[in-house]
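Okay, thanks for making time, everyone.

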Amino acid sequence: MTGFWEGKRVLVTGHTGFKGSWLSQWLLMRGAQVFGLALVPDTDPALFDQLGLAERLDHRIGDIRDPKVVADRVAGVRPEVVFHLAAQPLVLASYDDPLGTWASNVMGTAHVLEALRGLDAPCAAVMITTDKVYDNREWVHPYRESDPLGGHDPYSASKAGSELVIASYRKSFFGDHLVRVVSARAGNVIGGGDWAAHRIMPDLARALGAGQALGLRNPGAVRPWQHVLEPLSGYMTLAERALAGDALADSYNLGPETCDVRPVRDLVDTALRHWPGDWRDMSDPSARHEAGLLALSIEQARRDLGYRPRWDFETGVRHTVEWYRDVAQGADPTQITTAQIAAFEAAQ
């Protein structure tokens, strides 16, 4: 990382979430002035609280579904960089609350973009979506940024919808604006401090901590696994390049190498080598739909950004498990998190 971030005014929406907390910690380590806008953490524990971030950045609770809250925060911060991460991020939760998911992921994104139109100084806005924005054909070919958008479940469809909102605002309002807007589509992210329900690594950590076997809903599902620091490094690079005025595409996939696109059972078996335990197959053919096969092409990011994964599958899983295991044994979460960020920066 360069000295680019020293003193930069950075607004992170969703800063109380898992990825937002890792990103905020990293930005603070790089000397940025970090401003947040998010809901109260919805897990207990929450990485945001474990890292004590409320006392270390400009913390603001607010709902991106309220356009005035968003507009006031953007106008008050006058950010040089915006990372828009705030969202309803869970597939299964989207089945329970589809309207809330659409309100957060589509209209929330529109509210952020509308607020950015009021800025009169250069700003780079990195809008975070997901690998699930593509019309998933369950084929082996990695999806490229030019492939059709779609989505079976409300979460995936809402994120595809947010990409359409981003594209519309970019074409309609930001063509000659001082704000540059780019979207980033990350793969399936793992890392210590994710405590959300219905996610593999948090469920595994809870099961192992309780001395229980982990039940897997879909052990054969194939996903582009990556440690959380991988896409965050891509987001930060995108912001640097956008603010510098470099030529960029409208959107970028940020995922692992093809060899690290693995089934769920590989993820769990690898994790259990570092924290012994068991898992059991709880596949249910009648369960709500989740994609079975998903992979991303990262060739555009490799070409334009020099993006390359630093930690392979085994390394990312090991760091994730070590975080959960060591915290369960009494280690300081902030110390582990900062040490892993430093190790990632040093990786070749």
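**The sheet and its helices**

So, we've got an open sheet of six strands here, paired in parallel, in the order β2-β1-β3-β4-β5-β9. At the edges sit β2 (33-37) and β9 (251-254), each pairing on one side only. On average, neighbouring strands are turned by 20° against each other, ignoring direction.

Quick housekeeping: this is a predicted model, where local features need pLDDT of at least 70 and side-chain atom pairs count only at pLDDT 80 or more, while totals for chains, interfaces and linings use all residues. Residues are numbered from 1 along each chain as its sequence is written, and side-chain values use heavy atoms, leaving out hydrogens and water.

On terms: helices (H or I, at least four residues) and strands (E, at least two) are DSSP runs, numbered from the N terminus. Two strands pair if DSSP finds at least two bridges between them. Angles run from 0 to 180 degrees between N-to-C directions, with axes fitted to C-alpha atoms, for helices over the stretch in contact.

Zooming in, β3 (81-84) and β4 (123-128) pair in parallel over four bridges, and His-84 stands opposite Met-127 in β4. Helix α6 (154-173) packs on the sheet, touching (heavy atoms within 4.5 Å) β4 and β5 (179-186), and its direction makes about 160° with that of β5. Then α8 (229-244) lies across β3, β4, β5 and β9, at about 150° to β4.

Last stop: Gly-76, in helix α3 (67-77).
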